[in-house]
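Subject: Structure handover and notes

Dear colleague,

Please find the structure below, as promised. I would be glad if you could read the notes with the model open beside you.

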Number of protein chains: 2
Amino acid sequence: MSERRRRGGGGRAARQAARTGAVSASAAPYVTRKVPCYEVLDAEGLEIIEHNAETVLEEIGIEFRDDAEALELWKDAGADVDGERVRIPRGLARKLIQDNAPSEFTQHARNPERSVVIGGANTVFVPGYGSPFVRDLDNGRRYATLEDFQNLVKLAYMSRSLHHSGGTICEPVDLPVNKRHLDMVYSHMRYSDKPFMGSVTAPERAEDTVEMAKILFGEDFVAENTVITSLINANSPMTFDDTMLGAAKVYARNNQACVVSPFILAGAMSPVTIAATLTQILAEAMAGMAFSQLVRPGAPVVFGTFASSMSMQSGAPTFGTPEPALVLYGAAQLARRLGVPFRSGGSLTASKIPDAQAAQESTNTIVATGLAGVNFCLHSAGWLEGGLAMGYEKFMIDADQLGMVQTFLSGIDLSENGQAMDALRETGPGKHFLGSNHTQRNFETAFYRSAIADNNSFEQWQSEGSLDTAQRANKQWKKKLSEYEPPEIDPGVDEALRDFVRKRKDAVPDSNV
Amino acid sequence: MSERRRRGGGGRAARQAARTGAVSASAAPYVTRKVPCYEVLDAEGLEIIEHNAETVLEEIGIEFRDDAEALELWKDAGADVDGERVRIPRGLARKLIQDNAPSEFTQHARNPERSVVIGGANTVFVPGYGSPFVRDLDNGRRYATLEDFQNLVKLAYMSRSLHHSGGTICEPVDLPVNKRHLDMVYSHMRYSDKPFMGSVTAPERAEDTVEMAKILFGEDFVAENTVITSLINANSPMTFDDTMLGAAKVYARNNQACVVSPFILAGAMSPVTIAATLTQILAEAMAGMAFSQLVRPGAPVVFGTFASSMSMQSGAPTFGTPEPALVLYGAAQLARRLGVPFRSGGSLTASKIPDAQAAQESTNTIVATGLAGVNFCLHSAGWLEGGLAMGYEKFMIDADQLGMVQTFLSGIDLSENGQAMDALRETGPGKHFLGSNHTQRNFETAFYRSAIADNNSFEQWQSEGSLDTAQRANKQWKKKLSEYEPPEIDPGVDEALRDFVRKRKDAVPDSNV
């Protein structure tokens with residue numbers, strides 16, 4: 001199945017590189033897992049949930065709101081359409097996906113060395129998405145601006161652990177709502193050469209994203225390749241609204257990727273149990289992905305889910321707790337059985353500051369992300385306050401943890417050098433291995449090196465100012481930004497992009513809708 | 001195998017309960033895993049490491065230092081003893097373990113409802129061990145005292161997430177070295193009714209522990225049951241010293257449990273690779289466990305390992321990094337194949353304070369601990385500074401995380417109530433589940449409730465003083481200690497214990513060796 005459905009990169013990568021003035025990248029462009037996925041459900045459990053999800057699609061149905069075309073497409077496909085409620089015959093959604101959607105696909109970056117393969121044994125770490133606020137130690141919490149947005153694009157560009165530039169890393173609220181997508185997309189294109197995400201807040205903004213991609217990559221290249229991923233959230237429970245459907249149609253028609261994501265606060269937007277939440281997620285994700293295949297068979301899709309659970313005391317969303325981790329593991333298994341790439345996880349936390357709670361919850365989630373086999377991990381770095389704020393220090397702390405996950409996923413080297421029987425024989429009982437030939441040969445690549453952790457003695461740590469993690473991270477992001485150099489770009493392409501942005505801004509008055 | 005080798009509790013638990021004045025405990029006494037273990041190595045990889053470990057035992061050998069009796073036992077068993085170097089024929093150590101050691105055993109607590117089963121699908125969380133310093137927000141870092149020790153025993157007693165009272169939770173350095181074990185063992189016995197660990201710093205201190213256990217549990221009961229676990233560290237690489245061998249002999253002869261633990265800083269005390277570190281761990285653990293079976297066949301043993309990796313830049317130990325996690329997962333698999341309980345993991349960190357680094361590293365380790373199937377988890381709560389300090393706030397933060405691990409390990413409920421199709425049918429598209437009958441029936445037990453995490457809005461958090469995790473934990477441990485009530489104990493038993501401690505203290509002058 002996977003060979004037939006794999007969507008390759010095509011031979012244009014080299015020409016593409018020349019065209020956009022790509023710089024070379026030494027870091028691996030994404031993670032390829034060499035250890036097994038962790039699985040919480042056995043085949044019987046998975047079959048129960050799959051059966052129940054089909055029951056949801058067939059008996060309860062999914063609402064496709066304010067989009068007559070969507071209802072028409074479903075009717076033509078054989079669904080029972082009653083008002084805006086679409087009841088999908090058992091097996092139809094799965095068949096539409098399995099017959100058409102690629103099991104993995106390449107998202108091209110303007111620097112071909114940074115193109116990522118989404119699906120299979122690969123994991124792509126993508127920054128946080130959607131925060132109206134930012135926070136740093138110097139200025140505290142404040143509304144995000146375009147300058148913050150660009151800073152975060154630059155930090156993601158410079159991080160070895162982030163493979164993608166992301167989308168709405170933060171909301172530049174200093175710009176009008178109807179125009180800020182132009183500056184965001186341009187910033188991704190200009191200040192990074194990693195792959196990026198497109199606007200989904202209105203169909204015409206999705207169109208703008210595609211047009212700008214055509215300028216950057218060339219029209220022919222975009223027609224044949226995926227250069228944009230987009231985040232299409234379901235309006236859970238069991239509903240898609242016209243904004244998301246409109247954006248999804250634009251991207252699918254242009255053969256660009258939709259990450260169809262039920263966005264669920266369990267207890268409010270799904271039942272209070274893990275199995276039922278998984279059932280609902282599978283039903284919603286299948287409905288959305290199948291819809292994209294009705295729009296354009298073969299358009300790349302990702303089975304996404306964002307799951308948290310609600311505090312039953314306060315109603316607040318919680319993150320990094322055990323139930324969302326179980327949902328994540330289970331959903332990853334369901335996606336693999338469906339044969340599509342999977343998006344979930346991240347460095348999620350409800351904490352307001354980059355403290356122990358933030359690290360504990362984020363680590364709980366990102367470890368599950370790695371072991372579950374997530375292919376596309378949005379919110380990998382920066383998240384605070386359930387996504388309301390992007391933290392500069394948190395961004396650096398998370399990026400360090402991503403490096404640890406990446407190293408873990410590379411597994412255990414069982415080569416002769418890895419077995420190191422020569423070292424054991426050379427050293428023997430009671431001696432130390434520091435000076436052994438094997439250690440000398442290997443010490444430079446041995447063991448993950450954290451950029452932020454302080455492993456020194458108490459006395460040394462104290463003499464260096466008794467800094468906590470956030471204070472060290474504060475120094476680090478400032479140093480990074482001071483060293484930033486933009487990737488090269490063809491000046492003609494850059495001018496064409498700027499020109500497009502200017503014209504689109506001039507065409508309509510500012511609006512905050 | 002496991003039935004034949006399982007060591008049961010015997011019928012004396014009820015009498016025992018009456019004797020020691022047990023109080024009832026509502027919390028589950030330990031974790032029983034309902035999800036699979038995560039495994040990083042396949043059968044071929046495991047066989048390579050097992051083969052190499054046998055090569056280490058046969059060709060390089062293990063040193064048993066300053067213990068003529070140990071060498072004699074090995075010679076009689078068929079090993080090649082050359083000076084203090086013991087070369088163990090291929091397969092001999094494994095056979096001694098598999099023919100004799102129990103695959104799981106019960107460690108009895110004086111409150112039978114708190115007895116723990118060590119091995120199988122069970123995980124027992126045990127506090128930190130061995131720190132000379134303590135830290136809290138009010139008084140910073142300072143040498144630990146007996147008062148700190150007792151405070152931590154009380155906090156562990158009151159925590160639902162800790163199943164064991166531990167051993168040297170911190171070193172009461174206000175007491176002479178040759179007598180402090182008496183106060184520590186008494187404190188575990190008096191201020192908690194959970195199981196505890198015995199002294200290993202000298203054979204006579206191990207004897208004191210056994211004598212006190214006989215007073216607490218009755219001589220007959222101790223002769224037939226395991227009531228003490230002890231931490232027997234190898235002096236890696238490939239060495240056991242007379243202190244540890246002496247303590248191991250005392251406990252094994254008395255049928256009490258030895259946790260045989262290679263203590264390895266990879267890069268210094270083992271080669272810089274994961275596979276070679278696993279090889280060395282397996283060889284050392286097998287040698288120590290086989291030795292305990294030579295002392296007394298059938299004595300309960302645990303395959304232990306404590307692994308960190310060295311910073312190749314500074315020489316400092318690092319924790320929570322990917323390589324020790326891979327070692328942990330691999331060693332757990334090796335222990336299962338050997339058929340003995342496994343000890344590793346914990347809430348390990350190199351951080352000096354309970355900040356983001358501390359939480360990140362501890363969470364990385366404790367999640368691996370849970371998923372690997374660790375049976376006995378020392379250092380579950382409190383660790384800072386690579387074990388040099390026990391943090392009061394860190395203790396509470398870790399205990400909360402242990403609760404999350406426990407909930408995760410209980411897996412996904414696939415009952416009809418768990419599937420909750422009634423809730424999905426009742427609510428349907430676009431509605432919320434808060435008021436559904438299913439939610440009303442289940443909300444009290446739905447979702448893990450953190451005692452420390454702040455999930456409230458930014459505004460509410462700010463209005464409550466913008467506290468960080470450590471500040472909230474500070475309030476919590478003080479509240480716990482203020483509410484502490486000791487478990488009941490038979491006054492005659494208590495007096496006999498005090499009398500023993502007094503006599504042993506009076507018998508010799510104070511010494512700090």
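The notes that follow begin with conventions, then go through the interface, the sheets and some local details.

This is a predicted model, in which local features need pLDDT of at least 70 and side-chain atom pairs count only at pLDDT 80 or more, while totals for chains, interfaces and linings use all residues. Residues are numbered from 1 along each chain as its sequence is written, chains are lettered from A and ligands numbered from 1 in the order in which they are written, and side-chain values use heavy atoms, with hydrogens and water left out.

**The interface**

If contact is taken as heavy atoms within 4.5 Å, 112 residues of chain A touch 112 residues of chain B. The area buried between chain A and chain B comes to about 9,100 Å², with carbon and sulfur atoms giving 69% of it; buried area here is the accessible area (1.4 Å probe) that two parts lose on being put together, summed over both. On the side of chain A, the residues that lose the most area to chain B are A:Ile412, A:Pro429 and A:Phe447, which together make up 9% of what that side buries.

The rule finds four salt bridges across the interface of chain A and chain B, a salt bridge being a side-chain nitrogen of Lys or Arg within 4 Å of a carboxyl oxygen of Asp or Glu. B:Lys352 forms a salt bridge with A:Asp454, and the closest N and O atoms of this pair are 3.0 Å apart. The rule also finds 34 residue pairs in polar contact across the interface of chain A and chain B, both residues being at pLDDT 80 or more. A polar contact is a pair of N or O atoms within 3.5 Å; within protein, one must be able to donate a hydrogen and the other to accept it, and residues adjacent in sequence count only if both atoms are side-chain atoms.

Helix α13 (residues 356-372) of chain A supplies the largest share of the side of chain A that touches chain B, namely nine residues; helices (H or I, at least four residues) and strands (E, at least two) are DSSP runs, numbered from the N terminus. By class, that side of chain A has 55 nonpolar, 37 polar and 20 charged residues, where Ala, Val, Leu, Ile, Met, Phe, Trp, Tyr, Cys and Pro count as nonpolar, Asp, Glu, Lys and Arg as charged, and the others, Gly among them, as polar.

How are the chains related? Chain A is superposed on chain B by a rotation of 180° with 0.0 Å of shift along its axis (RMSD 0.0 Å), which is the relation of a two-fold axis. A:Ala356 is the residue of chain A that comes closest to the rotation axis, at 2.2 Å (C-alpha). Because 100% of the interface residues of chain A are also interface residues in chain B, the copies meet through the same surface.

**Sheets in chain B**

Four strands of chain B form an open sheet of mixed pairing in the order β9-β8-β20-β19, two strands being paired if DSSP finds at least two bridges between them. Strand β8 (residues 133-136) of chain B pairs with β9(B) in the antiparallel sense over four bridges, and B:Phe133 stands opposite B:Tyr143 in β9(B).

Another open sheet of four strands in chain B, also mixed, has the order β3-β4-β2-β12. Strand β2 (residues 62-64) of chain B pairs with β12(B) in the parallel sense over two bridges, with B:Phe64 opposite B:Phe240 in β12(B).

**Local details**

Most residues other than glycine have a negative phi, and most peptide bonds are trans. The peptide bond from A:Ser236 to A:Pro237 is cis, with omega near 5°, and A:Pro237 is placed in the loop between β11 (228-234) and β12 (239-240) of chain A. A:Glu385, although not a glycine, has a positive phi of about 55°.

Best wishes

Technical notes
Least-squares fit on C-alpha atoms with pLDDT ≥ 70 in both.
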